[in-house]
Protein chains: 2
Amino acid sequence: MKNLAQLLFALFTLSSLAQDTIHLKSQVRHSIEELRDFVSIPNDALDHADINLNLNWLTKKFNARGFNSTILPTEGESLFFAALPMDDAKPTILFYMHFDGQSVDPAKWDQPNPYEVVLKSKDGDGWKKEAFEDLNENIDYDWRLFGRSTSDDKGPIIMFLNAVDLLQKEGVEIPFNIKVILDSEEEKSSKPLPKAVKEYRELLEADFLIINDGPVHVSEKPTVVYGCRGITTLSLTTYGPINPQHSGHYGNYAPNPGFQLAQVLASMKDTSGKVLIDGYYDGISIDEATMQVLKSVPDHAETINENLAVKTPEKVGGFYQEALQYPSLNIRGLGSGWIGEKSRTIVPESATAELDLRLVPETDGTRLKNLVKKHIAQQGFYILDSVPDKDLRMMHDKIMTVKEGSVTDAFRTDLDNTYGNFLVNTLKKKFGEDVVQVRIMGGTVPIAPFINELKIPAFIVPMVNPDNNQHSPNENLKIGQIAYGIQVFYGILSSSL
Amino acid sequence: MKNLAQLLFALFTLSSLAQDTIHLKSQVRHSIEELRDFVSIPNDALDHADINLNLNWLTKKFNARGFNSTILPTEGESLFFAALPMDDAKPTILFYMHFDGQSVDPAKWDQPNPYEVVLKSKDGDGWKKEAFEDLNENIDYDWRLFGRSTSDDKGPIIMFLNAVDLLQKEGVEIPFNIKVILDSEEEKSSKPLPKAVKEYRELLEADFLIINDGPVHVSEKPTVVYGCRGITTLSLTTYGPINPQHSGHYGNYAPNPGFQLAQVLASMKDTSGKVLIDGYYDGISIDEATMQVLKSVPDHAETINENLAVKTPEKVGGFYQEALQYPSLNIRGLGSGWIGEKSRTIVPESATAELDLRLVPETDGTRLKNLVKKHIAQQGFYILDSVPDKDLRMMHDKIMTVKEGSVTDAFRTDLDNTYGNFLVNTLKKKFGEDVVQVRIMGGTVPIAPFINELKIPAFIVPMVNPDNNQHSPNENLKIGQIAYGIQVFYGILSSSL
């Protein structure tokens, strides 16, 4: 008898699991269709009309799930806000995602239109196109959807909506009040956000904030992130002759702006990638307890390096998590004259380096920019923030135009926190495995205005695959991550604190 | 009586001079119309059809002046050849010019179409558009014609044709046989030329060669040049992650190709512009007599530097002429990721520097390229000539793709030479002033194949203004230089050895 009971229980459990799997797969199929539709609306925040089309789409989709939604005007593009009917007895979660995307250069993509999702499977070192109809037979969780914002960050919005679908189909009561704020200028540093959060503070009030942006840990395990690096930018331009000159007539006479730029850039870092600028890492100290948390993250250096196809990474930290505790100094762009087929035999008139500096809570963006400027001045450069005129060029041997970008602050929530513990435990239960706890992630979400204004703990619960080519050509989302994201949202929205 | 005779003689001379001036001005007007027509045919040697249209135009114009012309097929674009009827008793001059031009990027020009000549006058620091009709009233020799190849090198061809017109109008007998060879791929390094000169050696045979390309000395005095630097190129590419990565997630972990490139470039030169690569200047020694010739060139460093808007030039030589006795190492282009408005927050996958190396007779191009490659290898780079695959990237920390361009040799004719003396004396007599003798000019004309094959002395007799923006946007020709060029050709073609 005991054995029969066990058998029946096991069969029941299995069939219930099988049932779950079937529901989930069907919801994943629905998500893919909805994501193709969403991605087909271009979302470069430089185009106001496109942003409005996205707002219309979101209104329709959230309202269909019973949300009350509204468009919040700002100094820039409008924000999207939605909430389920409120119950004062329940604690409130505010979810933050964004629907705008980085600009695209279709020539650099392996598909004609980055806004038309293409389904692909691995094919050796490359990718093979697949037909969407084949997903009706069976869903291969390793196949991927290629298109702008599939991962960053339209994918997670779709996962959220489809988790709500599942909860509603199953009649599960959500033990929280749910508010959702969707940003329209995240890829342009969310400039209108600080003022908007101040203005709509009451509407946004919540007990804690969950941001769904960026990739899960490279191990693809469930991940909770307690902070993220900030960002600021610098644009550096050096000068040669006032007009480009024939390199025969003036080569090794007219100063070359490329060499000047190379020399100042080379002086900023040692060959291992450590910043040599005085004071750049000041204020950062990692105690033994923190180091243990950093080391507990199951990074496989071999996997990361293999994905990047890099033999030895930079040596700012001894390992990946330690590196992220420090600010970065990255050359994101270089330009002077022309390269490749278009090259011409000239001494160019200028050379430009675009830098981005990722910030940590200890390293204020304005302070770091000033350190870089001081370093440049110490190399003998006269610094100004515009293009020098002829008189200035005749007065100074080395001139640099330095243009400063705005600062988005870093943030870090304490590792030991009620809401953090709730998230970690929920994910642990849902997936039956250890949750990766990341003290600070490398990327930037513009969360500081929320934290500064609403004074609530904030966490990032990322959804997408680490190798998604975010911000680059051939951005993609692994289908398995859609299933993961739906389950994460389902878990959070169906568990009690 | 004596006074009257003197007076009459003076009046006669004056009126003859006035007559000459009127004829010259009328010929300059004709030249401007002919140059506008010639420039209106695009001449980028990447476009075969355009080159053919230019060949047709040249055939018509030379034949109209009594030349026998022919198109010489080569492995690339065809050459144009023309000769006046030969007389075995006369010595033969071979003139070399070219009718192809550098590619244009119309967006960088201050006029809509670089192939439609625009007439301009100085207006403060800028330029003011003028109407061509105003030239009928009076010709201002300071006004300029803006358009691709006005100076480099269609202008000199027009000056030659119009000098022949003048000689023919005045019934002057030319004491030389005249051959003209016009290149169609000079701006693409004249790759087909060596083989073509070999093939058409008999047709091209001459006593000496005159090249009409490049600008006169910066003093705008009559100039004879005895040599020119050669050229070769190198394209250097460094590598970061195999795909561009989000600069937040991988900034200060994934190696940055821009810093790698900056470090290797910075190691190639000191801050004064001197090349630090071992052996780069080997074999060059300037004796006292040569130094005196170099110093006799009336360079005004202040004027050159003011034109370039440069406080201190590079220090390879102590002065401009000395600098040109050395090979150059010029960064003509830099590229990585994107700059300006298009900047994205990525760690780019690669960074490229385009270099050109101007050569002197002592520094063989292949030897210099090997020295640069050796230097790069000494900085720890694994060098290959293609894009590294993933396996190679995982095997080497620093990889550089080095692509080598072809070599065009430098040349230098001895300063003391019968034909050189003839040219200098002719110009001295014609303009009544000292002639600037340049031992070697900075730019490159692909003259080596002629010299190696025909074994004749070669000279460059340049025609155009030094500030002509050759190879760059807003290339231009001063109208006064047209008058100068017509007079130079007239002088050479009407004087005896």
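This is a predicted model: local features need pLDDT of at least 70, side-chain atom pairs count only at pLDDT 80 or more; totals for chains, interfaces and linings use all residues.
**Helix packing, sheets and loops**

Colleague: Which residues of α8(A) meet B:F259, B:A262, B:Q263, B:L265 and B:A266 in α8(B)?

Modeller: Residues are numbered from 1 along each chain as its sequence is written, with chains lettered from A and ligands numbered from 1 in the order in which they are written. Helices (H or I, at least four residues) and strands (E, at least two) are DSSP runs numbered from the N terminus, and contact means heavy atoms within 4.5 Å. On that basis, the residues of α8(A) that meet the listed set in α8(B) are A:F259, A:A262, A:Q263, A:L265 and A:A266.

Colleague: How many nonpolar residues does the contact of α8(A) with α8(B) have?

Modeller: Ala, Val, Leu, Ile, Met, Phe, Trp, Tyr, Cys and Pro count as nonpolar, Asp, Glu, Lys and Arg as charged, and the others, Gly among them, as polar. By these classes the contact has no charged residues and 2 polar ones. The number of nonpolar residues is 8.

Colleague: Is α8(A) roughly parallel or roughly perpendicular to α8(B)?

Modeller: Two packed helices are described by the angle between their axes and the distance between the axes. Axes are lines fitted to C-alpha atoms, for helices over the stretch in contact, and angles run from 0 to 180 degrees between N-to-C directions. The two helices, each spanning residues 257-266, pack at about 110° with axes 8 Å apart. Angles under 35 degrees count as roughly parallel, over 145 as roughly antiparallel, 65 to 115 as roughly perpendicular and the rest as oblique, so α8(A) is roughly perpendicular to α8(B).

Colleague: Which strand of chain A does α8(B) lie across?

Modeller: In chain B, this helix lies across β11, β13, β15 and β17, running at about 25° to β15(B). In chain A, the strand is β13.

Colleague: Which are the edge strands of the open sheet of 10 strands?

Modeller: The order is β16(A)-β17(A)-β11(A)-β15(A)-β13(A)-β13(B)-β15(B)-β11(B)-β17(B)-β16(B), with mixed pairing; two strands pair if DSSP finds at least two bridges between them. Neighbouring strands are turned by 25° against each other on average, direction ignored. Each edge strand pairs on one side only, and the two are β16 (382-384) of chain A and β16 (382-384) of chain B.

Colleague: Are the faces of β2(B) covered or uncovered?

Modeller: Buried means under 20% relative accessible area, exposed over 50% and partly exposed in between (1.4 Å probe, protein chains only). In a regular strand the side chains alternate between the two faces of the sheet. Here B:L79, B:F81 and B:A83 on one side and B:F80 and B:A82 on the other are all buried. Both faces of β2(B) are therefore covered.

Colleague: Which peptide bond of chain A is cis, with omega near 15°?

Modeller: One of its residues, A:D153, is found in the loop between β6 (144-146) and α4 (154-169) of chain A. The cis bond runs from A:D152 to A:D153.

Colleague: Is B:N474 buried or exposed?

Modeller: B:N474 lies in the loop between β20 (458-460) and β21 (476-478) of chain B. Although not a glycine, B:N474 has a positive phi of about 60°. With a relative accessible area of 12%, B:N474 is buried.

Note on methods
Side-chain values use heavy atoms; hydrogens and water are left out.
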